Amino acid sequence: MKHLQQELVEIYAYQSAKEGKPFCGDSYYFTATEEYFLCVLADGLGSGRYAYEASSAVVEVVKENETDDVETLMKRCNEVLAQKRGAAVAVLKVNFITREFEYSCVGNIRFYLYTPNGKTIYPLPIRGFLSGRPQNIRTQRFFYEPNSKFLFHTDGLTVNNTKTLIKSCQSVEIIANEIKNKQFSKDDDSTFIIGSLH
């Protein structure tokens with residue numbers, strides 16, 4: 001499991017390839033500075049090598065342009081997927097100074113954020129996938145409270161009782177291990193990223 005901890009954010013991420021496949025078709029990347037946290041999650045269509053190549057291309061273009069805003073990053077992701085299989089893509093960028101985050105998603109990646117006062121933020125994705133063709137991009141902005149928790153996951157993972165699990169008083173490390181040990185499937189490529197914003 002991959003772990004990142006800084007003063008304003010703590011992240012755990014885990015992924016697994018579909019059983020019998022040498023490549024995982026999901027790719028992700030996250031980074032944090034004093035000013036922002038950026039995360040991208042991509043689910044290449046299907047599974048295997050070509051799904052991996054598509055999702056990896058998304059991650060690389062975000063790494064190379066991480067100071068861009070979310071809408072620009074999504075457009076870059078779409079462009080890089082021309083002549084590739086295509087991918088569901090979600091990009092999250094958190095501004096620690098304004099306590100605001102931008103989110104955009106095309107495809108069946110799930111994102112939930114839970115605030116300490118019980119509010120749930122679940123931005124709706126645009127259906128479809130990025131493939132280089134003209135694509136509507138919708139970027140949504142939300143404010144968050146300190147100690148909010150969030151969960152990203154690809155469609156290979158079905159998390160039971162998401163709200164109860166994340167709203168619990170347990171640390172994100174304990175929740176991450178519970179998802180990994182009890183709710184993970186080998187029937188598809190699966191990735192989850194869970195974090196807390198302090």
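Strand β2 and strand β11, the latter spanning residues 190–197, pair in the antiparallel sense over eight bridges. Colleagues, I begin with that pairing. The model is predicted, and local features need pLDDT of at least 70, side-chain atom pairs count only at pLDDT 80 or more, and totals for chains, interfaces and linings use all residues. Residues are numbered from 1 along each chain as its sequence is written, and side-chain values use heavy atoms, with hydrogens and water left out.

A word on terms. Strands (E, at least two residues) and helices (H or I, at least four) are DSSP runs, numbered from the N terminus. Two strands are said to pair if DSSP finds at least two bridges between them. Strands of a sheet pair through backbone hydrogen bonds, either parallel or antiparallel.

Let me stay with β2. In its pairing with β11, V9 has L197 as its bridge partner. Strand β1, residues 2–5, also pairs with β2 in the antiparallel sense, over four bridges, and there H3 has Y12 of β2 as its bridge partner. The two strands β1 and β2 form a hairpin with three residues between them. Why is β2 described as largely enclosed by the rest of the structure? Six of the eight residues of β2, residues 9–16, are buried, so the strand is largely enclosed; buried means under 20% relative accessible area, exposed over 50%, and partly exposed in between, with a 1.4 Å probe and protein chains only.

These strands belong to an open sheet of six, in the order β1-β2-β11-β10-β7-β8, with antiparallel pairing. Its edge strands are β1 and β8 (120–121), each of which pairs on one side only. Further along, β7 (residues 110–114) and β10 (residues 148–153) run antiparallel and are joined by five bridges, with R110 opposite H153 in β10. Helix α4, residues 172–182, lies across β2, β10 and β11 and runs at about 165° to β11. Here axes are lines fitted to C-alpha atoms, for helices over the stretch in contact, and angles run from 0 to 180 degrees between N-to-C directions; contact means heavy atoms within 4.5 Å.

I turn now to β5, residues 87–95. Eight of its nine residues are buried, so β5 is largely enclosed by the rest of the structure. Nine bridges join β5 to the antiparallel strand β4, residues 36–44, and D43 has A88 of β5 as its bridge partner. Seven bridges join β5 to β6, residues 100–106, again antiparallel, with V91 opposite S104 in β6. Four residues separate β5 and β6 in a hairpin, and R99 in the turn has a positive phi of about 55°.

Next, the largest pocket. It holds about 200 Å³ of space. Of the 17 residues that line it, the closest to its centre are D43, A88, G107, N108 and D155. A pocket is an open set of points on a 1 Å grid over the protein atoms alone, where a 1.4 Å probe fits, with protein on both sides within 12 Å along at least five of seven lines; lining residues have an atom within 4 Å of a point.

Finally, V61 is found in helix α1, residues 49–64. At 12% relative accessibility, V61 counts as buried. Leaving aside its neighbours within four places in sequence, V61 is in contact with R76, C77 and V80.

Methods:
Points joined across faces, edges and corners; volume = space filled by probe spheres on them.
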